[in-house]
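Let's take a walk through this model together. Please have the sequence and the 3D view open as you read.

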Amino acid sequence: MFFISGKNKMLIKEYSESQQSCKNCKTFNIEIEVFSEYFHLYLIPFFPTGTKTVKIHCGNCQDVIEDQSLREHYEKITKNPFYIYSGPILVVILISLIVNLNLSTQDEKARYAADPKVGDVYMIRNETFNSSFYTFFKIVKINDDTISAYQSNAEYEKFTSNPAPGDYYNKERKLLLLRSDLKTMLNMNKITSINREDE
Ligand SMILES: [Zn+2]
């Protein structure tokens, strides 16, 4: 059962049949269970194999009842539940969450770049001939159209949400930018992230 992938069975529906009686005890209390076989991945059902099993027994004396036509009838009328497709459903949900998260991040970035505030921290992707590296700068002053920022000392090989401890924004590494420069950098996809403290 605990293999990475394989087949499994689940109970998908239970019925009770009061039109027929048990041949053994004559009680009108026949119970029907319909099982569906499915493929699983890490025990998560992905889709049904198409094979259904119907088990019929007497609810009173528990005698197993072999009734071909009853079995076929319940096999036919019982549909697979949606959760037999849990795997693909989860995949779709996960993808849409990632897409949404990405869209809202892009949205936020555009909003912040259009309306810069003192304290905003930008992570910038710098492209060189055959590699790319990241740097941070922090906006320290905004005068009308001109933005002053201090760059941090270190360069980073991959995305980091904040400068490493010990790395700090250096007054000696001052940047002067125009508001339009932020927009240009955003359009050129050079801005990896913008962090705003109070939001
Ligand atoms: Zn019975």
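Which residues does tyrosine 112 touch, not counting residues up to four places away in sequence? Keep in mind as you look that this is a predicted model. Tyrosine 112 touches Asp120, Ile194 and Arg196.

Two of these names come back when we turn to the nonpolar cores. The largest nonpolar core has 12 residues, including Tyr112 and Ile194. Also in this core are Ala113, Tyr122, Met123, Phe136, Phe137, Ile139, Ile147, Ala149, Leu182 and Ile191. In soluble globular proteins, nonpolar side chains tend to be buried together. If you colour the model by element, you can see where the core comes from: H2, strand S4 (121-127), strand S5 (132-143), strand S6 (146-152) and S8 each give two or more residues to it. S5 provides the largest share, three residues. There is also a second, separate core of seven residues, with Ile30, Ile32, Ile56 and Tyr74 among them.

Strands of a sheet pair through backbone hydrogen bonds, either parallel or antiparallel. For S1 and strand S2 (residues 30-41), the antiparallel pairing extends over 12 bridges. To pick out one of the partners, find lysine 7: its bridge partner in S2 is phenylalanine 39.

Tyrosine 42, in the loop between S2 and S3, has a positive phi of about 50° although it is not a glycine. Is tyrosine 42 buried or exposed? Tyrosine 42 counts as exposed because it has 10 C-beta neighbours inside 10 Å. Asparagine 189 sits in the loop between helix H3 (179-187) and strand S8 (191-195). Asparagine 189 is not a glycine, yet its phi is positive, at about 65°. With 9 C-beta neighbours inside 10 Å, asparagine 189 counts as exposed.

How values were computed
Residues numbered from 1 in each chain as written. Predicted model: local features only at pLDDT ≥ 70, side-chain atom pairs only at ≥ 80, totals over all residues. Pairing = 2+ DSSP bridges. Helix = DSSP H or I, 4+ residues; strand = E, 2+ residues; numbered from the N terminus. Buried ≥ 20, exposed ≤ 12 C-beta atoms within 10 Å, placed from the backbone. Core = buried A, V, L, I, M, F, W, Y, C linked by C-beta atoms within 7 Å. Contact = placed C-beta atoms within 7 Å.
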